[in-house]
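Here is a short tour of one protein model, written for someone who likes to have the structure open while reading. Please take a look at it first, and then follow along below.

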Amino acid sequence: MPGYIMHLAEGKIIQKLLAGTGLLAEGAADLFEAGLLLPDTKRKKEKYTSHFWNDADMDKLAIAPDLGLFLAKYGSRLAEPVLLGYYAHLHLDWRFVEELWPCCFQFLDGEGRERSLWDEIRQVRILSRDTVVPVNDFYSDAWYYGDYSRMNRHFQEEYRLTMPDPDPAVLARLDMGEVCVGDLEAVFSELALLFAGKAGHKNEPLRVFTLNGLEVFLRESAELFVETLVPASDRG
């Protein structure tokens, strides 16, 4: 899934696209950006609830949010900036798994056949390099997770990202059973380290993704997200 900085970068694009639509209140950027980070206050198996995973997908290695589950519960509350940001996070995660991953790598079993179930996958083919690595090596700082920190500086500077500063009184009134707003403090602490350049790689080329490919993906994702809210024909 995308990291904090990629979610915030897409959030900046979304805010520009929503300007003038009335769907994101003026002065609500910090609350919207807090919503972008809220799902990731839960980790590992706890993401089952915060990311609205469907029971039918739990045997897969790649699990995308079920946007229908989220909208069935919170679709009537998208006027709330935090909930709108939350939805944007899930939408980007969904596209990341369903659209971007298949363009960048394939999950394989021990015989090199493409698979999707967790207990069948043994290796990963990185398409841009035509390289196959063991799945445990792939999900490491050397490859997949390392690319997050290798890309962070670019997106931080390109979109002039800053720390969100949401109104704590508004956050305290948030009515969601899937997350606890108090857990945002830990996310903000991690984000501060990333912004300070005290975590991850610096100025190293990506090994799984490409910066240009990610830029295109973010812009397309933001446009598609806004399209779910405001059809292009209704925008100025």
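## What covers helix α7

The buried residues of α7 have cover from elements that include α1 (4-18), α5 (81-104), β1 (105-108), α6 (135-138), α9 (184-195) and α10 (211-229). Here, covering rests on contact, meaning heavy atoms within 4.5 Å. Among the buried residues of α7 are Tyr 144, Tyr 148, Met 151 and Phe 155; buried means under 20% relative accessible area, exposed over 50%, and partly exposed in between (1.4 Å probe, protein chains only). Helices (H or I, at least four residues) and strands (E, at least two) are DSSP runs, numbered from the N terminus.

A word on the basis: this is a predicted model, in which local features need pLDDT of at least 70 and side-chain atom pairs count only at pLDDT 80 or more, while totals for chains, interfaces and linings use all residues. Residues are numbered from 1 along each chain as its sequence is written, and side-chain values use heavy atoms, with hydrogens and water left out.

## The shape of α7

How far apart are the end C-alpha atoms of α7? They are 22 Å apart, which agrees with the 21 Å that the 15 residues of this helix (residues 144-158) should span at 1.5 Å a residue; the expected span is 1.5 Å times one less than the number of residues.

The helix also has a kink of about 35 degrees, centred on Met 151. The bend at a residue is the angle between axes fitted to the seven residues ending there and the seven starting there. Just after α7, Arg 160 has a positive phi of about 50 degrees.

## The largest pocket

The largest pocket has a volume of about 1200 Å³. Of its 35 lining residues, Met 1, Lys 47, Tyr 144, Tyr 145 and Tyr 148 are the closest to its centre. With seven residues, α7 gives the largest share of the lining.

On a 1 Å grid over the protein atoms alone, a pocket is an open set of points where a 1.4 Å probe fits, with protein on both sides within 12 Å along at least five of seven lines; lining residues have an atom within 4 Å of a point. Grid points are joined across faces, edges and corners, and the volume is the space filled by probe spheres set on the points.

## Glu 178

Glu 178 is found in the loop between α8 (168-172) and α9, and is buried because its relative accessible area is 10%. Its side chain makes polar contacts of 2.6 Å with the side chains of Lys 73 and Tyr 74. A polar contact is a pair of N or O atoms within 3.5 Å; within protein, one must be able to donate a hydrogen and the other to accept it, and residues adjacent in sequence count only if both atoms are side-chain atoms.
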